[in-house]
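Biologist: I'd like a close look at just one part of this model. Please walk me through it slowly, and tell me what surrounds it.

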Amino acid sequence: MKIYENVDLKNFSTIKIGGKAKKLYFPESLNDIKFLIKKSKDEDKKLVFIGVGSNTIFKDGTLDYIFISTKFLKNIEIKEEKDLFYLNLEAGVSFKEIINLVKKFNLEGFENLSGIPASLGGAVAMNAGAFGNEIFDIIEDVLWIDFDTNEHLSKKNEIKYSYRTTQFQKEGFIYKATIKLKKSKKDIAKIIKNHLIERNKKQPLNLPTSGSTYKNPPNNFAGKILEEIGYKGKRIGDIGFSDKHANFLVNYSNATFKDLMNLLESAERKVERVFNIKFEREIRIVE
Ligand SMILES: Cc1cc2nc3c(=O)[nH]c(=O)nc-3n(C[C@H](O)[C@H](O)[C@H](O)COP(=O)(O)OP(=O)(O)OC[C@H]3O[C@@H](n4cnc5c(N)ncnc54)[C@H](O)[C@@H]3O)c2cc1C
């Protein structure tokens, strides 16, 4: 397994903020992962899993945790049964790679998820979703390792998941998952292309960002609330809530973790004061 030392965490987070990881591990097998989970227990160090880092913000300074990147967990197995395709994917397979398969075999069921800059593991852990669909709509099963290094192959109906969260956030590492898609008669490549054009119109993709900052409160929208308290476009130093999509944080150049936390805390205080709503963060902050 590859191990890098003194790594710039900025390069593992799409918003490009953060200090250094004393060590960053790149497991290539199930045994590597078990070894690292055990190591974190033996050394009493925090475990931090990193996929694409599109939902993750690291603090400044040097962090001595067991950082695990899924970058080299890329195996893909495809099983075809009549018009159904079962894709068994390792954690580090990216949504871009899934879209390539979806287009190659003209499969339906993934269109609304295209454009999310995720790894399979990160998306399953977060139950990522968009436009009325979520990854759990197409999940068949998940092979995961708990923090005592036991393996579990759980069917979808055995897994606890809800809006942007799953049991895995507290219970273990997702090693593989199977998604089920269907051969389509529609032009899937064209549908995805149009979908991406629509997404690009609404999201500030010209700047480093970490996507939605807050979960939508029941029957409401976090972006709308931020706009109503005057935080659309609000900026401290180089970090701000985008003026294109209020719930997206953007890094204008050299944003610091301190400015970011000040901005979040100020928004959260104001939302609570004005609307009596406790905002729940969707982004993961590693500090
Ligand atoms: C431009 C942009 C647009 C976005 N649009 C959307 C959207 O439409 N819908 C949406 O839901 N999200 C969206 N996001 C947020 C983000 O892309 C998703 O949450 C995505 O699922 C995160 O995947 P990741 O691989 O980057 O995870 P990371 O940020 O690397 O990690 C996220 C979480 O997953 C956990 N994790 C990662 N890998 C594993 C693993 N193998 N096992 C266990 N836990 C793991 C981490 O511990 C962490 O808690 C967007 C982000 C950006 C930057």
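**A helix and its cover**

Modeller: Just after α2, N106 adopts a positive phi of about 55 degrees. Helices here are DSSP runs of H or I with at least four residues, strands are runs of E with at least two, and both are numbered from the N terminus. Bear in mind that this is a predicted model, where local features need pLDDT of at least 70, side-chain atom pairs count only at pLDDT 80 or more, and totals for chains, interfaces and linings use all residues. Residues are numbered from 1 along each chain as its sequence is written, and side-chain values use heavy atoms, leaving out hydrogens and water.

Now the helix itself: α2 covers residues 95–105, and F95, I98, I99, L101, V102 and F105 are buried there. Down the axis of α2, these buried residues fall within an arc of 160 degrees, so they line one face of the helix. That arc is taken from the directions between the helix axis and the C-beta atoms. K96 and K104, on the other side of α2, are exposed. Buried means under 20% relative accessible area and exposed over 50%, with partly exposed in between (1.4 Å probe, protein chains only).

What covers the buried residues of α2 includes β8 (84–90), α3 (120–126), β16 (172–183) and α5 (188–202), with contact meaning heavy atoms within 4.5 Å. α3 gives the most, with five residues.
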